[in-house]
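This report describes the overall form of one protein chain and then turns to selected parts of it.

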Amino acid sequence: MGSKYTKRYTEEFKRDAIALVDSSGKTVTATARELGISSESLRGWYRQAKADQGEGRRGELTTQEREELRRLRRQNAEQAKTIEVLRKAAVFFAKESDR
């Protein structure tokens with residue numbers, strides 16, 4: 001069972017933690033234990049940092065690509081709502097013109 005809230009860490013803390021993994025030669029799990037954070041959190045930060053540096057796994061998105069994807073999905077949802085409103089308006093006016 002996890003906690004009821006998500007703890008937020010600063011970007012500086014994340015960068016320092018990632019640098020510690022690289023410089024110490026210790027595993028992500030051991031480093032996370034020393035820092036008192038979740039090993040899964042540190043592992044995710046580490047993987048994302050490697051992807052941003054072009055060293056990630058094939059098909060892994062960089063932070064910039066993730067942000068663009070999020071923006072495009074939001075834009076797509078807005079356009080879908082607009083299209084639905086226009087479709088309903090077209091149906092309404094088609095019925096009105098038949099009278």
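## Overall form

A compact globule of 99 residues would have a radius of gyration near 13 Å, whereas the protein chain has 23 Å. The model is a predicted one. Taken along the principal axes, the box filled by the C-alpha atoms of the protein chain is roughly 80 × 35 × 20 Å.

The protein chain contains 4 helices and 0 strands. Read from the N terminus, its elements follow the order α-α-α-α.

Of the 99 residues in the protein chain, 14% count as buried. Among contacts in the protein chain with a separation of 6 or more, 30% are accounted for by residues 24 or more positions apart.

The table collects values for the whole chain.

| Property of the protein chain | Value |
|---|---|
| Radius of gyration | 23 Å |
| Residues that count as buried | 14% of 99 residues |
| Accessible surface | about 8400 Å² |
| Share of that surface belonging to carbon and sulfur atoms | 51% |
| Distance between the mean positions of the positive and negative charges | 6 Å |

## Helix α2

Which residues of helix α2 are buried? In this helix, which spans residues 28-35, they are Val28, Thr31 and Ala32. These residues lie on the same side of α2, because the arc they cover around the axis is only 100 degrees. An α-helix has 3.6 residues a turn, so residues three or four places apart point the same way. The cover over the buried residues of α2 includes α1 (11-24) and α3.

## Ala51 in helix α3

Helix α3 covers residues 39-52, and Ala51 has its place there. Is Ala51 buried or exposed? Ala51 counts as buried because its relative accessibility is 6%, and buried means under 20%.

Leaving aside residues up to four places away in sequence, Ala51 touches Gly56, Glu60, Leu61 and Thr62. How far apart in space are Ala51 and Val21? From C-alpha to C-alpha the distance is 16 Å, and in sequence Ala51 and Val21 are 30 residues apart.

Definitions and conventions:
Residues are numbered from 1 along each chain as its sequence is written. This is a predicted model: local features need pLDDT of at least 70, side-chain atom pairs count only at pLDDT 80 or more; totals for chains, interfaces and linings use all residues. Side-chain values use heavy atoms; hydrogens and water are left out. Helices (H or I, at least four residues) and strands (E, at least two) are DSSP runs, numbered from the N terminus. Buried means under 20% relative accessible area, exposed over 50%, partly exposed in between (1.4 Å probe, protein chains only). Contact means heavy atoms within 4.5 Å. The radius of gyration is taken over C-alpha atoms; the globule rule is 2.2 Å times the number of residues to the power 0.38. Accessible areas come from the Shrake-Rupley method with a 1.4 Å probe; for residues, only the protein chains shown count as cover. Lys and Arg count as positive and Asp and Glu as negative; His and the chain ends are not counted. The place of a charge is taken as NZ of Lys, CZ of Arg, CG of Asp or CD of Glu. The arc is that of the directions from the helix axis to the C-beta atoms.
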